[in-house]
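Please keep the sequence and the coordinates at hand.

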Amino acid sequence: MAARNISHFWEWGRKIICVGRNYADHAKELKNAIPTEPVLFLKPPSAYVREGSPILVPLYSGNLHHEVELGVVIGKGGTAIPQAAAMEHVAGYALCLDMTARDVQDECKSKGLPWTLAKAFNTSCPVSEFIPKERIPDPANVRLWLKVNDQLRQSGCTSQMIFSIPYLISYISDFISLEEGDLILTGTPKGVSAVQEHDELQAGIEDVVTMSFRVDRHE
């Protein structure tokens, strides 16, 4: 089997592990308690979408929200990874959006049901190009931003995260073995809001990468 190219992790990576409510101000804006341990959910690889293809609003949702996040790309798998060794398992990063059908999520939360339909639909995980590890020397101090139709909606810094990247890698790997090509979404800062058909989304990591996506509806 040919060696897999980590810079195209979205083509062969097996899972996307997402961390919810990892910024206190975002937890508060959705009237959620600030968590004392990470809140985890999954997206399938079919959620990936790359620049040049649209974000598609699910047919069953009337309130699709953007959430800009730093993604961590795993380069070396492991189970029960200690925090002190966690960064050795990181190959690099990606700028990501966790698109969320907020109306569906709210309904699921009210019924105590899983968030799968709100979070895991096709095109729910737009990703940038792969960012090699050395281009982000301090992932705990990364500025993220997102604009909708040139209006700034989200701006935050990973220094505001409740749980650090090494902590998340260690915590997740205690329960779910990490594999090469996996992506961890580390949570979103405050400022999430709804997007409409034909909106243009631009997002960036300051001085590192930008990406843009158009919102469409399923035919």
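Is S170 buried or exposed? With a relative accessibility of 13%, S170 counts as buried, where buried means under 20% relative accessible area, exposed means over 50% and partly exposed lies in between (1.4 Å probe, protein chains only). The model is a predicted one, in which local features need pLDDT of at least 70 and side-chain atom pairs count only at pLDDT 80 or more, while totals for chains, interfaces and linings use all residues. Residues are numbered from 1 along each chain as its sequence is written, and side-chain values use heavy atoms, with hydrogens and water left out.

S170 belongs to helix α5; helices (H or I, at least four residues) and strands (E, at least two) are DSSP runs numbered from the N terminus. Leaving aside residues up to four places away in sequence, S170 touches I81, P82 and Q83, a contact being heavy atoms within 4.5 Å. Helix α5 spans residues 165–175, and its buried residues are I165, L168, I169, S170, Y171, I172 and S173. Their cover includes β1 (16–20), β2 (39–43), β6 (68–74), β7 (90–97) and β13 (183–185).

The discussion now turns to charged pairs. The structure holds 12 salt bridges, each defined as a side-chain nitrogen of Lys or Arg within 4 Å of a carboxyl oxygen of Asp or Glu. One of them joins E180 to R4, with the closest N and O atoms 3.5 Å apart. Because E180 lies in the loop between α5 and β13 and R4 in the segment before α1 (9–12), this pair ties together parts that are 176 residues apart in sequence. E180 is partly exposed at a relative accessible area of 31%, and R4 is also partly exposed, at 39%.

The loop between α5 and β13 also contains D182, which is paired with K15 in the loop between α1 and β1, 167 residues away.

K43 lies in strand β2 and D98 in the loop between β7 and β8 (100–101), so the pair ties together parts that are 55 residues apart in sequence. K43 is buried at 2% relative accessibility, and D98 is buried with a relative accessible area of 1%. Both residues take part in a network of salt bridges that links K43, E67, D98, R102 and K119.
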